[in-house]
Amino acid sequence: MDLELRHLRTVRAIADEGSLTRAAAALGLAQPALSSQLRRIEKALGGPLFDRDHTGARPTLLGELVLERARVVLPAMRELQEDAVRFANSWNRVRRFRLGATHGPLLGALVDRLAAAEPAAPVSTHTSWSVDEISSLLAAGRLDHALIGVCGESAPPRETELVWQSVGVDPVFVMLPEGHPLAEDEIPLARLSHEAWTDVPGDGCFADCFTAACARAGFTPLSVFETDTASCVHLVQVGRAVGLCRATFPPTPGLVTRPLAGAPLSWRHLLGHHPGSPAAGAAAAVLGHARAAYREASGRSDSYRAWLAAHPRFGAPP
């Protein structure tokens, strides 16, 4: 027999009442039934818990050990149950933000805005290179909101389960080292045919989209270094490669970002939530903060602001 909480309650009742007769009355049991239960408990624990005679029942040394543990376990379990009930009853009113995101510059700005707007609400984050992983966690209810990106007009993952809304649309820019001879206002992709490239990893079709754009421009990329953002920046700064980046990539010493002529590649920033989640009611507010963070990121570059003015299909929705 496995020991259960009700067995500990039985042992405690016998000790508190000082006899099986009074304990049986307190528990609402017949005394023979309580005696049988006590024998099963003692068998499971390996020895007698009480010395019994005509004067009552007194704990043995083993009984004292069990009672000492019961005095800790039973209140703790009662507190756990009460806390769980309170939590379940208030679940829909809990204000929190569990954010998931692929790696990018907008997550930090979104966290900052949410923390400033609702300082009492806990904010947590989970990042991954994998859009599929983030979307799976969102669908499973382990995240409240997800900030991801998809290439061009590609459909977001789990489109039938999750609600995705546009935060903004960026052209894909190219990172060049300062002083690069092709650092023009807009660079035709074909003029970069002799360069090695670097970008960050991720799911989806972006690699295929980039290869297809290069093919349309008449070349095949010499090589592509797929690595983390810091390594991408380093490879560009030392002239080892040119890099693909979002147009909102922050100003960085040693490199410049420039648009590709005709915007052959684009990137959609999306914010998602599960429509059945308790967090769905906050989705509009989170979307507003995400779009504000995106506009702030876009506004840090005078050249990008000017570019957006001439290309109205990009940027944040009105």
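The stops below concern helix packing, cavities and a pocket.

**Before starting**

The model is predicted, so local features need pLDDT of at least 70 and side-chain atom pairs count only at pLDDT 80 or more, while totals for chains, interfaces and linings use all residues. Residues are numbered from 1 along each chain as its sequence is written, and side-chain values use heavy atoms, with hydrogens and water left out.

Helices (H or I, at least four residues) and strands (E, at least two) are DSSP runs, numbered from the N terminus.

**First stop: α1 and α2**

Select residues 5-17, helix α1, and then residues 20-27, helix α2. The axes of α1 and α2 come within 8 Å and cross at roughly 125°. Axes are lines fitted to C-alpha atoms, for helices over the stretch in contact, and angles run from 0 to 180 degrees between N-to-C directions. The angle makes α1 oblique to α2; under 35 degrees counts as roughly parallel, over 145 as roughly antiparallel, 65 to 115 as roughly perpendicular and the rest as oblique. The crossing of α1 and α2 is right-handed. A crossing is right-handed if the near helix is turned clockwise from the far one by less than a right angle, and left-handed if anticlockwise.

Next, display the side chains of T10, A13, I14 and E17 in α1, which meet L20, R22, A23, A26 and L27 in α2. Contact here means heavy atoms within 4.5 Å. By class, this contact of α1 with α2 has six nonpolar, one polar and two charged residues. Ala, Val, Leu, Ile, Met, Phe, Trp, Tyr, Cys and Pro count as nonpolar, Asp, Glu, Lys and Arg as charged, and the others, Gly among them, as polar.

**Second stop: α1 and α3**

The crossing of α1 and α3 is left-handed. On the α1 side, select R6, H7, T10, V11 and I14; their partners in α3 are L34, Q37, L38 and I41. The classes in this contact of α1 with α3 are five nonpolar, three polar and one charged.

Rolling a probe the size of a water molecule over the atoms shows where empty space is left. On a 1 Å grid over the protein atoms alone, a cavity is a set of points where a 1.4 Å probe fits but cannot get out, and a pocket is an open set with protein on both sides within 12 Å along at least five of seven lines; lining residues have an atom within 4 Å of a point. Grid points are joined across faces, edges and corners, and a volume is the space filled by probe spheres set on the points.

How many cavities of 30 Å³ or more does the structure hold? It holds two. For the largest cavity, with about 90 Å³ of space, select A101, T102, H103, G104, P105, L106, L107, L147, I148, G149, R246 and H269. The elements that give two or more residues to this lining are α5 (106-117) and β5 (145-151). β5 gives the most, with three residues.

Select A247, T248, F249, P250, P251, A297, R300 and S301, which line the second largest cavity. About 40 Å³ of space lies there. Its lining has five nonpolar, two polar and one charged residues.

Of its 14 lining residues, the closest to its centre are P251, V256, T257, S301 and S303. The largest share of the lining, four residues, comes from β10.
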